[in-house]
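Colleague: I am new to this structure and would like to learn how to read it. Could we go through its features one at a time?

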Amino acid sequence: MERCTKAVIYKDNLEYNLNQIRKYVKKDVKLCVAVKADGYGHNAVLTAQIAEKVGAEFVAVATVEEGVELREGGIKCGILLLSLCTPEEMAALFEYQITPLVFTEEYIRLIGTAAKQAGAVDFKVHLAVDTGMGRIGCYPEEAGEQAKFIEKCGLKLGGMCTHFAVSDSLAEEHIEFTRGQFDAFKQAVANVKACGIEPGICSCGASAALLNDEDMQFDMVRPGIITYGYYPDEITKEYLKSTGRDFDIKPVLALETKVVAIRHFPAGKSVSYGRTWVAPEDTDIAVLPIGYADGLLRRFSPGLEVTINGKNYPVRGRICMDQCMVEIGKNNPDVKLWDTAVIFGPKESGALNTAEDLAKLGNTISYEVLTALSKRVRREIL
Ligand SMILES: *Cc1c(COP(=O)(O)O)cnc(C)c1O
């Protein structure tokens with residue numbers, strides 16, 4: 001017994017995208033594929049398996065548990081932990097060989113002590129540098145001291161990284177800011193070298209920067225969203241083409257459900273909570289068993305259209321927790337009970353929408369649309 005509402009993962013597209021990334025990035029540059037948040041909702045183990053297949057040196061997670069899940073799923077490549085963890089989680093870093101990002105003496109000391117307890121020698125950590133993201137990382141001018149402290153605590157500096165705040169924007173001031181971040185990062189790397197310490201694998205470019213600036217590929221790139229077939233904001237396929245660069249990717253995930261009822265609505269009858277939509281004329285309404293608890297955000301309606309047999313139909317009224325209603329028009333011969341309705345997905349799924357289209361509707365980004373899909377939505381790997 002399986003629920004009809006599901007996310008279908010087009011594995012070939014995932015592999016296609018990762019091959020495209022490998023081909024696009026300079027030969028000697030390493031790949032660290034972001035598979036955090038269960039591979040942006042696409043299944044982290046599957047994504048990491050394909051990443052390993054195309055030669056990725058690392059995959060990146062947000063939590064220690066995500067890293068453990070990958071190791072238990074047989075992933076052998078490096079695992080980079082992009083967010084901070086608490087002291088209670090640190091023992092697992094050594095047991096499962098997860099490489100943490102570090103900064104601040106206190107955090108480094110705690111990891112150093114935990115490493116000694118675990119008998120881990122020369123355990124590698126990557127030093128995070130805050131060059132303008134305002135999230136985690138030391139200031140560039142502190143990098144040398146922090147690197148020295150890492151060594152003093154018996155750890156080894158395996159790499160350095162920073163993260164850009166506006167690299168997905170083409171606004172002049174943003175391009176300038178990103179340039180400034182990159183220069184600050186290079187300065188931080190130089191500071192570490194000046195202390196006589198090898199900085200290791202240096203990375204700064206996520207999807208946007210690695211696509212838009214070859215220099216920012218540095219020693220390693222950290223692509224996330226492009227792995228799953230979506231371009232980062234303004235760094236679109238068309239923009240890249242206009243600058244003489246070719247980069248083609250395909251959406252990987254299709255969100256599907258089925259028509260579970262078709263009902264005749266007389267003119268004047270309202271649909272759903274709040275009675276925000278009233279039938280202006282006699283029409284038919286199809287009921288779909290998908291709602292905001294599945295990740296179909298409430299704010300997608302009005303505006304959302306779903307594809308049934310190659311045609312789009314509008315969602316009417318508010319999206320409920322578990323259901324929503326679609327107007328298919330009176331006695332529509334093209335829509336039958338149990339037909340598949342595709343919310344978004346790649347062409348192969350029959351969808352006319354992508355997660356990007358939904359993101360625009362909901363005033364958000366494809367990342368949020370994809371990661372909003374909840375546990376209740378079964379993943380089917382195709
Ligand atoms: C999520 C994340 C990435 C990947 O970002 P995309 O925009 O999805 O390519 C890279 N680096 C860090 C530190 C991240 O948090």
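Colleague: At what angle do the axes of helix H6 and helix H7 cross, and within what distance do they come?

Modeller: Keep in mind that this is a predicted model. In general, a pair of packed helices is described by the angle between the two axes and by the distance between them. Here, H6 (residues 105–118) and H7 (residues 143–152) have axes that cross at roughly 20 degrees and come within 9 Å. Angles under 35 degrees count as roughly parallel, so H6 is roughly parallel to H7. The crossing of H6 past H7 is right-handed.

Colleague: Which residues in H6 and H7 meet?

Modeller: From H6 come Glu105, Ile108 and Arg109, and they meet Gln146, Phe149 and Ile150 in H7. By kind, the residues of this contact are 3 nonpolar, 1 polar and 2 charged.

Colleague: Now the sheet. In what order do the 9 strands lie?

Modeller: The general idea is that strands of a sheet pair through backbone hydrogen bonds, in either a parallel or an antiparallel way. In this case the sheet is open, its pairing is mixed, and the order is S11-S14-S17-S16-S15-S18-S10-S1-S19. Strand S11 (261–265) and strand S19 (378–381) are the edge strands, each pairing on one side only. On average, neighbouring strands of the sheet are turned by 35 degrees against each other, direction ignored.

Colleague: How many bridges join strand S1 to S19, and do they run parallel or antiparallel?

Modeller: S1 (residues 6–9) and S19 run parallel and are joined by 4 bridges. Within this pair, Val8 stands opposite Glu380 in S19.

Methods
Residues are numbered from 1 along each chain as its sequence is written. This is a predicted model: local features need pLDDT of at least 70, side-chain atom pairs count only at pLDDT 80 or more; totals for chains, interfaces and linings use all residues. Side-chain values use heavy atoms; hydrogens and water are left out. Axes are lines fitted to C-alpha atoms, for helices over the stretch in contact, and angles run from 0 to 180 degrees between N-to-C directions. Helices (H or I, at least four residues) and strands (E, at least two) are DSSP runs, numbered from the N terminus. Angles under 35 degrees count as roughly parallel, over 145 as roughly antiparallel, 65 to 115 as roughly perpendicular and the rest as oblique. A crossing is left-handed if the near helix is turned anticlockwise from the far one by less than a right angle, and right-handed if clockwise. Contact means heavy atoms within 4.5 Å. Ala, Val, Leu, Ile, Met, Phe, Trp, Tyr, Cys and Pro count as nonpolar, Asp, Glu, Lys and Arg as charged, and the others, Gly among them, as polar. Two strands pair if DSSP finds at least two bridges between them.
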